[in-house]
Amino acid sequence: LYTDGGSRGNPGPSACGYVLMDMNDQVIVENGLALGITTNNQAEYHSLKLGLEAALSKKATILHVHMDSMLVINQMKGVYKVKNSDLVPINQAVRELVGRFTKVTFTHVPRERNKRADAMVNEVLDAIK
């Protein structure tokens, strides 16, 4: 699962995107969604939540999550605490979803390795006028 979120303004118009792939790098599903006015970190979390929901709907049991958000990755790994009160509810919702899988790993990737999810975000943001 590759996910990305973005905000033009931070806070500002925001969107999220995800790409769910099988282990042969074949796309199972990809999607993007406008979020209204949020922060970049909120958009990153929403992308993860939507991607997890998509993976569950496809009956995935083991998931490898790749994101370019160091904050979200480290919060999900328990390295960083969730200090921003606006992120607490979405973090809790994501943790509940993670608990429904047999195994979930979180890996930080550079933006260059997250291009497809990033493209979904920008496609949605570009459509907002």
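This is a predicted model: local features need pLDDT of at least 70, side-chain atom pairs count only at pLDDT 80 or more; totals for chains, interfaces and linings use all residues.
## Salt bridges to α4

The count comes to 3 salt bridges. One of them joins the side chains of Arg8 and Asp126 (2.9 Å, N to O). Arg8 sits in the loop between β1 and β2, Asp126 in helix α4, so this pair links distant parts of the chain, 118 residues apart. Arg8 is partly exposed at 41%. Asp126 is partly exposed at 42%.

Glu30 and Arg116 also meet through their side chains (2.9 Å, N to O). Glu30 belongs to strand β3 and Arg116 to helix α4, so the bridge ties together parts 86 residues apart in sequence. Relative accessibility is 30% for Glu30 and 43% for Arg116.

## The two sides of α4

Helix α4 (residues 115-127) has 13 residues and reaches 18 Å from its first C-alpha to its last, close to the 18 Å expected. Ala117, Met120, Val121, Val124 and Leu125 are buried. They cover an arc of only 125° around the axis, so they fall on the same side of α4. These buried residues pack against β1 (2-7), β2 (12-21) and β3 (27-38). Lys115, Glu123 and Ala127, on the other side, are exposed.

## Ser69

Ser69 lies in the loop between β4 (62-67) and α2 (70-77). Ser69 is buried because its relative accessible area is 7%, under 20%. Beyond residues up to four places away in sequence, Ser69 touches Glu44 and His108.

Technical notes. Residues are numbered from 1 along each chain as its sequence is written. Side-chain values use heavy atoms; hydrogens and water are left out. Helices (H or I, at least four residues) and strands (E, at least two) are DSSP runs, numbered from the N terminus. Buried means under 20% relative accessible area, exposed over 50%, partly exposed in between (1.4 Å probe, protein chains only). Contact means heavy atoms within 4.5 Å. The expected span of a helix is 1.5 Å times one less than its number of residues. The arc is that of the directions from the helix axis to the C-beta atoms. A salt bridge is a side-chain nitrogen of Lys or Arg within 4 Å of a carboxyl oxygen of Asp or Glu.
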